[in-house]
There are 2 protein chains.
Amino acid sequence: MAEHTIKAFDEEIDRLRGLIAEMGGRAEAAIENAMLALQRQDKVLAADVVEGDKRIDAIEAEVEKLVIQVIALRAPMANDLRDVIAALKIVSVVERIGDYAKNIAKRVPLIATNTRILEPISLLPSMGQVAGEMVHDALNAFAARDADLALAVVERDTVVDDFYNSVFRTLVTFMVENPKTISECAHLLFIAKNIERIGDHATNVAEMVYYAATGQTLPERERGADMQPED
Amino acid sequence: MAEHTIKAFDEEIDRLRGLIAEMGGRAEAAIENAMLALQRQDKVLAADVVEGDKRIDAIEAEVEKLVIQVIALRAPMANDLRDVIAALKIVSVVERIGDYAKNIAKRVPLIATNTRILEPISLLPSMGQVAGEMVHDALNAFAARDADLALAVVERDTVVDDFYNSVFRTLVTFMVENPKTISECAHLLFIAKNIERIGDHATNVAEMVYYAATGQTLPERERGADMQPED
């Protein structure tokens with residue numbers, strides 16, 4: 001590439017990275033707020049999370065447009081092209097993480113305020129926190145091309161999976177003992193599953209970062225709590 | 001592009017379309033077999049579906065490689081480039097559809113054979129069939145660039161959503177009345193949710209096809225049964 005083209009390309013890559021960082025920050029905030037809305041039964045905050053997801057989707061569309069523009073105008077070579085395509089994959093994963101947070105928020109108004117349901121709800125925030133931290137670290141690993149941090153995210157996925165399996169068992173037991181809460185607990189089961197999937201997707205991002213930084217794929221591993229019998 | 005480049009490009013696009021068709025066929029078969037395995041409590045068939053998902057993932061990786069190669073070697077112009085990037089997006093959706101079928105299959109061995117559970121299981125195959133047909137039609141619409149067929153898929157998504165809402169209510173009622181089946185019914189709830197998501201993803205493919213064929217986006221609509229209160 002000519003020098004001015006390289007400069008323009010670098011600027012576009014910086015813009016791409018900036019958009020991904022903004023998208024990641026919004027997805028993290030969406031997870032935190034969705035969990036807070038659930039704990040406090042705050043329907044207004046839940047509605048904010050749902051509304052805020054539109055901005056996350058819009059950033060994804062902007063990244064796609066920018067990627068097509070960069071490829072069309074700069075015709076990047078193999079390595080740069082792979083980086084640009086990787087950006088496209090990462091934003092699609094972050095968009096899904098945003099969707100999971102939105103889905104959690106959407107269930108908040110479906111869960112009737114009932115003091116009996118507070119006990120099973122209390123299982124979820126710490127699980128949500130671990131998953132949110134994984135998203136945070138996976139995106140930091142991407143920004144810094146930090147293979148060690150990426151690896152640490154991948155290793156933490158079993159924590160979320162173990163959490164999920166334990167929540168699943170506890171919720172089923174609670175439902176058996178409190179049949180009147182079954183409908184609400186079913187929503188909590190889905191929320192737990194959404195958090196578990198957020199952990200999986202943070203792991204996917206971390207695996208892409210690890211591969212990009214080291215050229216090596218991590219050993220094949222079974223992903224997600226769905227892989228193990230949950231009960 | 002020079003004439004021989006155009007010919008090579010067309011051949012690569014044909015290969016891309018062939019891979020997507022194969023991937024779609026495998027995803028459809030995975031949905032059918034997962035539902036069959038559930039109905040028959042056939043753990044061997046369920047294990048086949050789980051194993052077969054690896055081939056779907058491998059085709060996705062092949063498509064990605066081919067797309068990067070096509071872009072790097074042929075430097076396609078705006079419209080062609082958009083088509084190639086669309087192929088990348090469609091395979092990532094089909095890969096997710098395959099994952100949902102795999103997740104359904106993985107739950108089969110977790111559902112204890114129990115004649116009492118046969119009643120709620122019987123709700124699911126027709127829902128699975130509608131979702132499977134949507135996947136089939138969405139991929140046919142893609143192969144034929146058929147906007148009308150794509151639109152018909154999008155319109156059918158409400159059928160799957162209504163199915164899901166009805167299954168959710170029926171399962172919750174069944175759990176209240178048969179607390180001993182709660183653990184199995186929780187797996188059925190997740191299976192119903194997976195089918196509903198398959199319908200959503202077939203709809204996403206159909207929307208992309210509609211946009212590529214007409215240049216128009218469909219009116220913004222709320223997607224997924226998660227958008228409506230389910231109970």
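Mentor: Before we start, helices here are DSSP runs of type H or I with at least four residues, and strands are E runs of at least two, numbered from the N terminus. Bear in mind also that this is a predicted model.

Trainee: How far apart are the end C-alpha atoms of residues 125–209 of chain A?

Mentor: This span of chain A is 93% helix and 0% strand. Its end C-alpha atoms are separated by 27 Å.

Trainee: How much area is buried between chain B and chain A?

Mentor: The size of an interface is often given as the accessible area lost when the parts come together. Here the contact draws 35 residues from chain B and 35 residues from chain A. Carbon and sulfur atoms give 67% of the buried area, which is about 3,300 Å².

Trainee: Which helix of chain B gives the largest share of the side that touches chain A?

Mentor: Between the two chains there are 2 salt bridges, and in one of them A:Lys89 pairs with B:Glu64, with the closest N and O atoms 2.9 Å apart. On the side of chain B that touches chain A, helices 2 (43–74), 3 (78–107), 6 (147–177) and 7 (182–214) of chain B each give two or more residues. The largest share, 11 residues, comes from helix 3 of chain B.

Technical notes: Residues are numbered from 1 along each chain as its sequence is written. Chains are lettered from A and ligands numbered from 1 in the order in which they are written. This is a predicted model: local features need pLDDT of at least 70, side-chain atom pairs count only at pLDDT 80 or more; totals for chains, interfaces and linings use all residues. Side-chain values use heavy atoms; hydrogens and water are left out. Contact means heavy atoms within 4.5 Å. Buried area is the accessible area (1.4 Å probe) that two parts lose on being put together, summed over both. A salt bridge is a side-chain nitrogen of Lys or Arg within 4 Å of a carboxyl oxygen of Asp or Glu.
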